Amino acid sequence: AKAAAYGTDASGHLVGDIHGHTFEVVWPNVSELTRPETGGAGITNGCSSCHPLAGDDEAAEAIAEWAADDDGDGTFHADPPRNFQNGVANPGRDGGVACVACHTTEGFLAIQVFGNDPHALTGAGDAGARTEIVRHSLRRDLGITCKACHGRQADGTFAAGRNPLRQPRNLLCGNCHNNQTVVYEDYQGAGQLVRHPQREMLAGTSGAEVLGQTYSDTVHTIAMAGDCTPCHYDPSVPDATHSFTPTVAGCNVAGCHSSLTSFNRTAFGDYDGDLVIEGIQDEFDGCLAILEAAILAKVPSGPDVTVTLSGAGEWLIGRGGASPVDPAAGNTYLLQPVQDGPQLRAMFNHYFVRYDASRAIHNARYALQLIQKSYVEMTGNAWPGQVRS
């Protein structure tokens, strides 16, 4: 890069001396160089990979508002997208952390590593720090790059090792892959829904547990101690990559699942009651479907209330027979029509285990217990399959 020999990368972007001296990771330009049509895996740092910036999309609405700037404040994400449930502001404004804290390197460093208050990263107009972080990342197509995790620690020193981490590895992933204070009480009181509770699922905490019931965890809770890297990035595994995609080879290390050939290993019982003992992930899917059907069959309290499940997996609650996805039609997105505590707990647990996204691999025992015990509390019936004790 410092040879001042300019050229182009596979996407046609210039590479050369100027890029080297910015000290920013601009090559590979991930969202371009990993396009499936160019032989890549489709991994991306670009916002537009998940948010098409057009149509009915949360980020599209915010970016469109920023571009038009109808309210004249000049800030990016000036109007947080409404919550799926009831229109409360996103956690980035009223609680939790800002989007930049997990979706951009500079935001991750400022908030997660160096401990700045996310609400202090604001300012007037375009000078707002969070706005500039987002614009910088969009201009350079940067998301989370190497320097988010590798570099100086909060005290300014380097940890030991060839590629020093900014924090101990058992803490890094959990900075973003957690429910970030979105616990059941937040859902019950304001409709906030948990999206990525991997840290809590692995630890066996923060589910909407039924009072008086006991819950337990799988061996992963103790063996991993909150450290995701043994499964998601073990340098001793030949095909380990920084995509952090777990592989069966990673499970085959000494002392773990030496003979495992699939993540969907045979379950210990017929948990979903279909009279077939399937793989644990298939059993989990069956159990989640049973809970989903029970929630939809439950008649909520309140006048003419509708409860539906969107294709994206959100519980939509509305009044008056109007479509739950059309607030202009008078839908209020309120949780208040559903006063039934067991039903709300079941809905929260459906979010919790669904958005963990491991399909029971992180903590099968805890995930299945949350599903099964919510079902029993809500319906008053025995669980139709084998109980995961």
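Colleague: Great, what should I keep in mind first?

Modeller: This is a predicted model, where local features need pLDDT of at least 70 and side-chain atom pairs count only at pLDDT 80 or more, while totals for chains, interfaces and linings use all residues. Residues are numbered from 1 along each chain as its sequence is written, and side-chain values use heavy atoms, with hydrogens and water left out.

Colleague: How many helices and strands are in the chain?

Modeller: There are 17 helices and four strands, counted as DSSP runs (helices H or I, at least four residues; strands E, at least two) numbered from the N terminus. Of the 389 residues, 42% are buried, meaning under 20% relative accessible area with a 1.4 Å probe, protein chains only.

Colleague: Which residues have the most contacts inside the largest nonpolar core?

Modeller: Tyr187, Phe284, Met347, Phe352, Val353 and Ile371, in a core of 39 residues. Such a core is a set of buried Ala, Val, Leu, Ile, Met, Phe, Trp, Tyr and Cys residues joined through side-chain atoms within 4.5 Å. The elements giving it two or more residues are helices H10, H15, H16 and H17 plus strand E4.

Colleague: And what does Ile371 touch?

Modeller: Leaving out residues up to four places away in sequence, Ile371 touches Phe284, Cys287, Leu288, Leu291, Val353 and Trp383; contact here means heavy atoms within 4.5 Å.

Colleague: Now the packing: are H15 and H16 parallel or antiparallel?

Modeller: Their axes come within 10 Å and cross at roughly 150°, so they are roughly antiparallel, a label for angles over 145 degrees. The axes are lines fitted to C-alpha atoms over the stretch in contact, with angles from 0 to 180 degrees between N-to-C directions. Among the residues that meet are Phe284 and Leu288 in H15, and Met347 and Val353 in H16.

Colleague: What about H15 and H17?

Modeller: Those axes also come within 10 Å, crossing at roughly 25°, and the two helices are therefore roughly parallel, the term for angles under 35 degrees. The contact includes Phe284 and Leu291 of H15, with Leu368 and Ile371 of H17.

Colleague: Switching topic, how many residues of H6 are buried?

Modeller: Eight of the nine residues in H6 (105-113), including Phe108, Leu109 and Ile111.

Colleague: What caps its N-terminal end?

Modeller: Thr104 does, with a side-chain oxygen 3.1 Å from the backbone nitrogen of Gly107. After H6 comes Gly115, which has a positive phi near 75°.

Terms used. Buried < 20%, exposed > 50% of the residue type's maximum accessible area, 1.4 Å probe, protein only. Polar contact = N/O pair within 3.5 Å; in protein donor to acceptor, adjacent residues only side chain to side chain. Parallel < 35°, antiparallel > 145°, perpendicular 65-115°, else oblique.
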